[in-house]
Number of protein chains: 2
Amino acid sequence: MNNYKMVIAYDGTRYNGWQKQGNTNKTIQGKMEAILEKMTGEQIEIHGSGRTDAGVHALGQVANAKLNTDKTPEQIQDYINEYLPKDIVICSIEKVSMRFHSRLNAVRKTYCYRIHLSPVRNVFERSYVWDYGKPLDIERMKQAAQYLLGEHDFLPFCDQKNMKKSSVRTVERIDWKVTEKECKIFFCGNGFLYHMVRKIVGMLVKIGEGNAEPEEIRTILETGNRELTAGIAPAEGLCLMNVEY
Amino acid sequence: MNNYKMVIAYDGTRYNGWQKQGNTNKTIQGKMEAILEKMTGEQIEIHGSGRTDAGVHALGQVANAKLNTDKTPEQIQDYINEYLPKDIVICSIEKVSMRFHSRLNAVRKTYCYRIHLSPVRNVFERSYVWDYGKPLDIERMKQAAQYLLGEHDFLPFCDQKNMKKSSVRTVERIDWKVTEKECKIFFCGNGFLYHMVRKIVGMLVKIGEGNAEPEEIRTILETGNRELTAGIAPAEGLCLMNVEY
């Protein structure tokens with residue numbers, strides 16, 4: 001028995017997110033486990049570094065699973081990739097310590113959120129961007145984003161209202177790649193709450209529209225008042241870029 | 001009545017190509033004409049710079065149509081884009097001389113063909129590449145491509161065997177963007193025959209695999225012997241990048 005760490009990429013469009021639910025056919029975890037069970041003949045549990053919501057993508061989701069097999073990591077990768085649908089792929093796989101756990105040992109995650117600004121939609125990447133279609137005041141958004149940096153209780157930006165565990169997280173960096181057509185925002189931190197990135201992006205866009213002040217982010221974090229937050233940005237613009245250990 | 005030139009982008013995956021056929025719902029031309037007819041109340045013919053095959057994409061297809069309308073070009077663009085499906089978009093539109101014809105006046109076209117070389121498939125752009133999945137000897141392919149440059153009778157690389165018109169074309173440039181994961185080949189010339197780019201790519205790949213010699217391209221062009229050519233590369237890797245006038 002060995003513990004394997006896998007880096008997984010997926011186009012989340014057709015799925016109900018990472019985490020297995022009733023219909024396993026519609027989740028990435030469900031697809032992966034079905035193939036690993038076929039390969040090993042045993043019931044397998046695969047642990048993701050965290051859930052991604054329905055419609056959210058991943059370039060570098062990390063998961064681990066303990067497997068009884070004679071295959072080399074490369075053979076396991078080939079086997080899984082052969083059976084996976086075309087919108088999911090194992091990018092790499094390696095043997096790791098039996099104590100490695102992709103969720104518990106994660107120290108840093110980076111998400112990217114893409115907002116398409118041009119009224120001319122991006123036909124080729126239409127499933128990977130928020131098709132917003134209008135300009136935004138990016139400077140205002142950048143100014144607002146400063147208030148998110150550092151350690152805060154992000155509970156007002158979390159859609160799971162009754163958190164049993166701490167909702168304090170540290171946002172380490174927020175990077176921007178902006179062109180006339182598209183605004184990409186990279187969020188790097190030690191962890192993100194349920195819907196946190198999408199709620200933050202919704203608020204930043206409201207600020208970029210001139211419908212809220214940059215300082216409202218500070219007020220929300222200081223007071224914990226979720227009534228001040230904006231709507232949630234669409235799932236399709238979000239991608240889990242990588243997980244660090 | 002004015003003549004309008006439009007630049008159109010489309011993800012060709014779901015379509016039977018540009019040119020209208022029986023079921024107009026499945027072609028780009030059919031989709032466009034249906035919307036223009038709704039807009040003007042008249043029967044409209046839209047002329048593309050050339051057909052693209054079923055499954056082939058375009059970043060800059062050019063078409064023109066003569067329209068009776070009070071709308072400004074921007075209003076026409078907004079109207080069409082509102083009714084077009086998400087995988088087709090009018091990038092720009094302008095009034096041009098009544099004598100402008102997108103096919104007859106085209107002087108140069110650029111196509112890009114993308115070959116995915118890595119065994120790890122590209123889940124996000126899987127519809128826009130040939131998922132070849134193995135390395136190729138790119139230097140051999142570049143050497144072979146030299147023989148294509150200039151004016152030649154490309155009939156052996158054309159799948160329409162009984163051409164009534166000349167099959168002589170000039171390939172002006174072939175440019176390469178190659179990474180470990182992907183090989184992009186840009187073909188720029190004054191015109192391309194039916195299936196010509198895909199037949200050429202098929203031959204270049206055969207040469208890159210070591211299954212044909214670079215010099216065979218020269219032999220094919222000199223002798224016109226289509227028996228020496230390889231199979232046709234898949235449609236999904238091909239994209240019409242732009243048309244110059």
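At 17% relative accessibility, A:His195 counts as buried, because the cut-off for buried is under 20%. I note that this is a predicted model.

**Entry 1: the histidines**

I looked up where A:His195 sits. I found A:His195 in the loop between strand S9 (182-189) and helix H4 (196-208) of chain A. Next I checked its backbone. Phi of A:His195 is near 70 degrees. That is a positive value, in a residue other than glycine.

Then I turned to chain B. Is B:His195 buried or exposed? B:His195 has 16% relative accessibility, so I wrote it down as buried. The loop between S9 and H4 of chain B holds B:His195. Phi of B:His195 is positive, near 70 degrees, and this residue is not glycine.

**Entry 2: a serine in a loop**

I moved to A:Ser127. I located A:Ser127 in the loop between strand S5 (108-116) and strand S6 (130-131) of chain A. Its relative accessible area is 25%, so A:Ser127 is partly exposed.

Which residues does A:Ser127 contact, leaving aside its neighbours within four places in sequence? I listed A:Thr13, A:His57 and A:Glu236. I also looked up A:Asp11. A:Ser127 and A:Asp11 are 116 residues apart along the chain. Their C-alpha atoms are separated by 8.4 Å.

**Entry 3: two helices of chain A**

Two packed helices are described by the angle between their axes and the distance between the axes. I looked up both for helix H1 (residues 28-40) and helix H2 (residues 73-83) of chain A. Their axes come within 10 Å and cross at roughly 125 degrees. That angle makes H1(A) oblique to H2(A). The crossing of H1(A) past H2(A) is right-handed.

Which residues make the contact? From H1(A), I noted A:Met32, A:Ile35, A:Leu36, A:Lys38 and A:Met39. From H2(A), I noted A:Ile76, A:Tyr79, A:Ile80 and A:Tyr83. I sorted the contact of H1(A) with H2(A) by class: eight nonpolar residues, no polar ones and one charged.

**Entry 4: a helix of chain B**

Last, I opened helix H3 (residues 138-145) of chain B. Which of its residues are buried? I found B:Ile138, B:Arg140, B:Met141, B:Ala144 and B:Ala145. I then looked down the axis of H3(B). The buried residues fall within an arc of 155 degrees, so they line one face of the helix.

What do the buried residues of H3(B) pack against? I wrote down three strands of chain B: S5 (108-116), S8 (168-178) and S9 (182-189). Helix H4 (196-208) and helix H5 (215-223) of chain B are also on the list.

Notes. Residues numbered from 1 in each chain as written. Chains lettered and ligands numbered in written order. Predicted model: local features only at pLDDT ≥ 70, side-chain atom pairs only at ≥ 80, totals over all residues. Heavy atoms only, no water. Axes fitted to C-alpha atoms, helices over the stretch in contact; angles between N-to-C directions. Helix = DSSP H or I, 4+ residues; strand = E, 2+ residues; numbered from the N terminus. Parallel < 35°, antiparallel > 145°, perpendicular 65-115°, else oblique. Left-handed = near helix turned anticlockwise from the far one by under 90°. Contact = heavy atoms within 4.5 Å. Nonpolar A, V, L, I, M, F, W, Y, C, P; charged D, E, K, R; others polar. Buried < 20%, exposed > 50% of the residue type's maximum accessible area, 1.4 Å probe, protein only. Arc of directions from axis to C-beta.
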